[in-house]
Amino acid sequence: MLQPPTLPTNYTVKHGHIKTSTGKTIRSEEMIVNMGPQHPSTHGVLRLEIVVDGEIIVDCIPHIGYLHRCFEKHCEHMTNYQQVIPYADRMDYCSAMTNEWAFALAAERLLKIEVPERVEYIRVIMAELQRIASHLIAVGTYGIDSGAFTPFLYTFIDREKILDLFEMTCGARLLYNYIWIGGLSHDLPPRFIDQAKEFVTYFRPRIKMLNDLLTYNEIFVKRTANVGVLPKEVAINYAVSGPQLRGSGVNWDLRRDDPYGVYHKLQWEPQIGKGEMGTVGDCWDRHIVRMREMEQSLNIIEQSLAVLPEGNVQAALPKRIRPEKDAEVYVRTEASRGELGYYIVSDGTASPFRVKARGPAFVNLSVLPEIARGSMIADLVLTAGSIDIVLGEVDR
Amino acid sequence: MEFIQTIFANELFVAVLLSIIPLIFIIVYALVVLYTEMKVAAHIQDRVAYMRTGWHGVLQPIADMLKLLQKEDIIPAHADKLLFRMAPFIAFVGTYAAYAVLPFSSIFIGSNINLGAFFLVAVGSLVVVGILMAGWASNNKWSLFGGVRSAAQMISYEIPTALAIIIAVMITGSLNLQEVTKFQDGGIGNWVIFGGPLPWNQKLMVMPFTIITFFIMFVASIAEVNRTPFDLPEAESELVQGFNTEYSGMRFAMFYLSEYANLFTVSAVVVALFLGGWSSPFGSLMSGPVWGIFWFVAKAYIFVFIQIWVRWTLPRLRVDQLMYVSWKVLTPWLFFCLLAVGLILVI
Amino acid sequence: MSAAGTYFYNIFHSLYTIFVGMKITLPHLLTRSATVQYPSVKMKIPERARNRLYVNIDDCIGCDQCAMACPVDCITIETIKSTPDVDLGLTSKNTKKRLYLPLFDIDIAKCCYCGLCVWPCPTECIVMTDVYEFSEYDRKNLIYSFGNMTPEEISGAKERLKKYDEEQTAKKAVAAAAAAKASQAAAAPTPPAASAPPKPEPPVQPAN
């Protein structure tokens, strides 16, 4: 009979001995429990091997790779750089526009293409709308992890409006193939600006409602404050980025510190966790950073819609893709989950020689064993949820 | 009950008949509450549920029951077979036995014993045994977690329940639930939550404490039934289905049925003790034996609705926070209320 | 704050936030739902929607650009050159068609709906429609064949091509031999009359 493959754990279970009052000794043992690939709460196919002593976690070992789809290998066999964009979409499928933009930026730097200003502004609008949509998923599923089933559906109603905007522009709701190297595939349709402004006015009070319903609810605060605390030094040492890093109090946002696009022309502030309800860097801080980032994204979208210049979005699309031989480039952007970077090596042909994607969720997940030790299983679920992983990005 | 006895001379036959009537009520009520829960949950979440079977889905609970009835009976290979089979029935028996002392109307109570409230608390502990058995016998670490957590939770929340019952009993003077309800007959002012039929100065002093007691009893009863925010034993996000994970088909239906029957039981107890049971709030208007059933079921149903509403709004508490709430918040406040009510009644 | 103060504050603050939350969810019981009863009511699809592919095979010139642009290689095209004696007609953009299309298969199960095949088509014959309800019971039914030639037509076209190719190679061979002969005759102007090669036949003119 075939046995399922066992993945190696280099953990030996500790035994203990408890003396009872009658003089006998009872052997106690730590338990290895599997929060398996199929679980309502691990946000995808992630296997967490947890060693527990009662209800306290002694160690937690994540096993990934269940969603590996050989993205980097596929890129080497594409006919040209343009064909990589649908594949890049599918890495972090909850936040596809930011993936495409990062790759397009990398390719444009490699091919030395300058895009028109209208393209930059539209890219910013799309990326910020996508950031709101991605944070809505994060917040909604975080509510489900903690037991509140309703905020998830409210966030998805708001997300539908964003996806309607995207569908109106490029024809797809989740995986867009919209941001092309050198420009965009379509220009904005006539009704886009009005509908986007309607969305901004509609969404602001919804953030307040979500805060009242979930974020400031005392039960939720008690569950998430002082849980999964990620200290500043540990976060920096593990190369954590995105809302997780900012939740630990580090004021680092690639849109301001390593600028790309037109972010330097717009007024917005990166949001940082200050430990309002517990310690700095706990799960509540990461959650409130995401909620406040959604508000900031609304500001960015409003400002961009107001100053959108005219132009032709397909003016800079390259006719032939001819990079230099032996050129390489690494470009990093602030995706919804953190620093998304692409390292492209070209060999002079129209298809890349090697593409390496630095997925933020992969790096952010690596910090989970460090912050989960010593907490309870119920806390582990909330900690893993606050890291906000998407397995497509972890496994690529 | 007595007049039914006059129709049929055989006592055994009467006893069997009286015990079947709550069972029929449970089954009919389970269908209604299943539908209510699904529809209320759906509309709170801005969606509609169940539009296809029957008009707006009214036949869906029957379809669900039929589906569960015809499912395959799967028992895990290394499960403890006897315990696994017995667990759902013990849980259900614990719930069902409590229906014996619920006063549905002035003429109908399953068993008019003088220890009604005491019997309720005692029999409610059987459910704990059933859940522990289910958790252990499933041979599944996650179910074990669920079972053990649930045992801790239910045992610690029985104390606030019992204390609240004591307070209501102190005011009314009898453990017999039928007597308690008769004591509150005569209009909304006589309900125990507003102090009971006492002289107005005592009533005014007792009223804040009885309101707090009623509220605490309601919260403790949500915890007894394992519903959010206290539903750690079956926390769907963490333990898949907790102690229920390995159960399928009719055994799962038994657990499900016992959970919903428990919902009604605890609401009914709260209503009988604090809100006047089968007595009409308008005094003599709309009162009588048949009206009694309507008032009793309607009032209990309002609390069932509130429990459903709370379930779909709030996140869940962690195990140690659960214990904190029970031992450090509910119990001390109830002791204080007990002291206060006792003093006021004496003075 | 003292311990007792925190204790009481926690209790009342918890109750307050719980009631605020419950106050938010209750009105949703009375508002319209946000969902749509799907098969009876269908939502409007915008005009740029990217759903099932459709190929207008009469317009296709067989340039293979869409197959090369596809990132997942779901389009398979085979062409047969047409002979000059056959007129395949004009496309909608008034270009002459020169290729038969016996095989134009799109495996719609592999398609990733990116739309990259639509852009390079010179006659805009491959488009993404707004049809999104096309599930099948058998996976083979998801391979859409847009080629509309019968097997007899295909074999007939192949035959004609083979014949034309043979004629062209024969012509070229004859012309090459004649050219070689002419250059040899030019290089050696006084060949002996007895060893003169036989006069080549005049070339056959193809009928126009």
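In this predicted model, strand S3 of chain A and strand S4 of chain A, which covers residues 47–53, pair in the antiparallel sense over five bridges. Within this pairing, A:Met35 stands opposite A:Leu48, a residue of S4(A). In general, the strands of a sheet pair through backbone hydrogen bonds, and the pairing may be either parallel or antiparallel.

The two strands belong to an open sheet of three strands in chain A, whose order is S3-S4-S5 and whose pairing is antiparallel. Strand S3 (31–35) and strand S5 (56–63) of chain A are the edge strands, each of them pairing on one side only. From one strand to the next, the twist averages 25 degrees.

Strand S3 of chain A also brings us to the place where the two chains meet. There, 24 residues of chain A are in contact with 21 residues of chain B. On the side of chain A that touches chain B, at least two residues each come from S3, helix H4 (117–146), helix H5 (150–170), helix H7 (218–224) and helix H14 (377–387) of chain A. Sorted by class, this side of chain A has 14 nonpolar, six polar and four charged residues.

In chain B, we can follow helix H8, which runs over residues 200–224 and has 25 residues. From its first C-alpha to its last, H8(B) reaches 34 Å, which is close to the 36 Å expected at 1.5 Å a residue. Just after H8(B), the residue B:Asn226 takes a positive phi of about 65 degrees.

Notes
Residues are numbered from 1 along each chain as its sequence is written. Chains are lettered from A and ligands numbered from 1 in the order in which they are written. This is a predicted model: local features need pLDDT of at least 70, side-chain atom pairs count only at pLDDT 80 or more; totals for chains, interfaces and linings use all residues. Two strands pair if DSSP finds at least two bridges between them. Helices (H or I, at least four residues) and strands (E, at least two) are DSSP runs, numbered from the N terminus. Axes are lines fitted to C-alpha atoms, for helices over the stretch in contact, and angles run from 0 to 180 degrees between N-to-C directions. The expected span of a helix is 1.5 Å times one less than its number of residues. Two residues are in contact if their C-beta atoms, placed from the backbone, lie within 7 Å. Ala, Val, Leu, Ile, Met, Phe, Trp, Tyr, Cys and Pro count as nonpolar, Asp, Glu, Lys and Arg as charged, and the others, Gly among them, as polar.
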